[in-house]
Amino acid sequence: MEKFKFVDITTADVAFEAYGKDLNELFANSALAMFEVMVNTEEIEPKVEREVELEANDLESLLFEWLNELLFYYGSENLAFSRFEVEVDEKELKLKAKCFGEEINPAKHETKTEVKAATYHNLEVKKEDGSWKARVILDI
């Protein structure tokens, strides 16, 4: 199963669809897709760890909060992540995650497009044929 793919919808934003056998994998793959927009994630080593805990009113809001929380670390600590251990409680609408990455070094890491935020525009999280799919539009 593919982890994610980019979808061409507008010139001002970047959109992707992420996939997962469960919500944990879906949220991890969504984060990976977002960081792939900004850096070559294959170059990011798991040197630092950050823990994230969130809750929301629905799965779309939880995904929105998750991605924007990760952007906070990118903006405030210059961190990019390439590996995620995510636990999503679908009933309680809570997320706990460990994120692994390192500080971005322009001499070492290929940087790409700056992402300002994940948006609610056409944000979608749904279960299809026993697996999960999300569609996300990022403001760049």
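In this predicted model, 3 strands form an open sheet. Their order is E3-E5-E4, and the pairing is antiparallel. Strand E3 (48-55) and strand E4 (79-89) stand at the edges. Each has a single partner strand, so one side of each is left without a neighbour in the sheet. From one strand to the next, the twist averages 20 degrees.

Strand E5 covers residues 94-103. It runs antiparallel to E3, and 8 bridges join the two. Within this pairing, glutamate 51 has lysine 98 of E5 as its bridge partner.

Two helices accompany these strands. Helix H1 (residues 23-38) packs on the sheet and touches E4 and E5. The direction of H1 makes about 160 degrees with that of E4. Helix H2 (residues 59-77) lies across E3, E4 and E5. H2 runs at about 145 degrees to E3.

Strand E8 (residues 131-139) has several pairings of its own. E8 is mostly covered, with 7 of its 9 residues buried. Strand E2 (residues 13-20) pairs with E8 over 8 bridges, in the antiparallel sense. For alanine 118, the bridge partner in E8 is leucine 138.

Strand E7 (residues 124-128) pairs with E8 over 5 bridges, again in the antiparallel sense. Glutamate 128 has serine 131 of E8 as its bridge partner. E7 and E8 form a hairpin, with 2 residues between them. In the turn, aspartate 129 has a positive phi of about 50 degrees.

Methods: Residues numbered from 1 in each chain as written. Predicted model: local features only at pLDDT ≥ 70, side-chain atom pairs only at ≥ 80, totals over all residues. Heavy atoms only, no water. Pairing = 2+ DSSP bridges. Helix = DSSP H or I, 4+ residues; strand = E, 2+ residues; numbered from the N terminus. Axes fitted to C-alpha atoms, helices over the stretch in contact; angles between N-to-C directions. Contact = heavy atoms within 4.5 Å. Buried < 20%, exposed > 50% of the residue type's maximum accessible area, 1.4 Å probe, protein only.
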